[in-house]
Amino acid sequence: MFTKNILFSILLMGLSNAAVTPGRTAVAKLQGEVSGIVGFSEIIDTDGEPAFFVGVDLSRPNENRTPLFVTVDLKGLAPDTEYAYSINTGTVSGDNCSNTGQVFDPLQRVTDIKTYNCDKFHVFETCALGDLSLINRQATGGGNLGTFSDTFVVNYLSFDAPGGRNIIGRNIAIAFSNGTIVSCGNIALSQQENTPK
Ligand SMILES: *[C@@H]1O[C@H](CO)[C@@H](O)[C@H](O)[C@H]1NC(C)=O
Ligand SMILES: *[C@@H]1O[C@H](CO)[C@@H](O)[C@H](O)[C@H]1NC(C)=O
């Protein structure tokens, strides 16, 4: 499990020079064959300038949204197997992943799944915004530990978005590349930790 302080330390390592503070955090705790968490942490930029992040669609500098630092921490992955992780629109119950719903696609980029081709360098034009593993990279259990950890930043999702970009109450699903879902969990805001740094 991560704490906000650990998350913030990792966050600072990924920054160029902007002054930032950690904001609210939301987490999906995954249940199923694969366990772990997908966490989201708001990046509050105290100097009022958009911070520079590798992997962010810079063609749309943060659009007045607070960037989110995303942490993916999975265990129980099968060796040499690729997994997708995505934000989906349904609400799941425990490890019953039958109601994950559709991939979160507020810009309606998946009009035809046969021609859908998410290009991570043109996220806005081509991707369902919830398609996190296409926007970042697939999770693999290549190591013999069966674990996968990664961090990245997105600048177009929100905890209380204008324009339907709100991810709270949606779910994270982990799936084999053939689409079979193995684990899921709802995204919920974390309790605020009032421990001053
Ligand atoms: C999973 O949930 C669905 C409805 O969301 C329900 O129909 C189904 O019976 C549940 N499966 C199990 C194993 O509980
Ligand atoms: C999907 O892929 C997994 C892992 O390779 C496999 O175990 C499963 O049987 C596949 N499911 C279908 C419906 O093909």
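Which residues of the largest nonpolar core touch the most other members? I kept this question at the head of the page and returned to it after the overall survey.

**Entry 1. Basis of the model**

I noted that this is a predicted model, in which local features need pLDDT of at least 70, side-chain atom pairs count only at pLDDT 80 or more, and totals for chains, interfaces and linings use all residues. Residues are numbered from 1 along each chain as its sequence is written, while chains are lettered from A and ligands numbered from 1 in the order in which they are written.

**Entry 2. Overall survey**

I counted three helices and eight strands in the protein chain. Helices (H or I, at least four residues) and strands (E, at least two) are DSSP runs, numbered from the N terminus. Along the sequence I read the pattern α-β-β-β-β-α-α-β-β-β-β.

I then looked up burial. A residue is buried if 20 or more other C-beta atoms lie within 10 Å of its own, exposed if 12 or fewer, and partly exposed in between, with C-beta atoms placed from the backbone. Of the 197 residues in the protein chain, 32% are buried.

For contacts, I used pairs of residues whose C-beta atoms, placed from the backbone, lie within 7 Å. Among contacts between residues at least 6 apart in sequence, 66% join residues at least 24 apart.

**Entry 3. The largest nonpolar core**

I returned to the opening question. A nonpolar core is a set of buried Ala, Val, Leu, Ile, Met, Phe, Trp, Tyr and Cys residues joined through C-beta atoms within 7 Å. The largest one has 40 residues, of which Leu68, Val70, Tyr85, Ile172 and Ile174 touch the most other members. Elements that give two or more residues to this core include strand E1 (20-32), strand E2 (35-45), helix H3 (132-135) and strand E8 (181-189). The largest share, five residues, comes from E3.

I listed the contacts of Ile172, leaving out residues up to four places away in sequence: Ala28, Leu30, Val38, Tyr85, Ile87, Cys184, Gly185 and Ile187.

**Entry 4. Strands E3 and E6**

I found strand E3 (residues 68-75) mostly covered, with six of its eight residues buried. E3 and E6 pair in the antiparallel sense over eight bridges; two strands pair if DSSP finds at least two bridges between them. Val70 stands opposite Phe152 in E6.

Val154 belongs to strand E6 (residues 147-154). I recorded Val154 as buried because 25 other C-beta atoms lie within 10 Å. Val154 and Glu42 are 112 residues apart in sequence, and their C-alpha atoms are 10.0 Å apart in space.

**Entry 5. A buried loop residue**

I found Leu129 in the loop between H2 and H3. Is Leu129 buried or exposed? Leu129 is buried, since 23 other C-beta atoms lie within 10 Å. Not counting residues up to four places away in sequence, Leu129 touches Phe104, Asp105, Pro106, Leu107, Tyr156, Leu157 and Arg165. Leu129 and Phe104 are 25 residues apart in sequence and 6.3 Å apart in space, C-alpha to C-alpha.

**Entry 6. Positive phi values**

Most residues other than glycine have a negative phi. I looked up two residues with a positive value.

- Asp80 has phi near 50 degrees and lies in the loop between E3 and E4. Asp80 is exposed, because 8 other C-beta atoms lie within 10 Å.
- Gln108 has phi near 55 degrees and lies in the loop between E4 and helix H2 (123-126). Gln108 counts as exposed because of its 7 C-beta neighbours inside 10 Å.

Technical notes. Contact = placed C-beta atoms within 7 Å.
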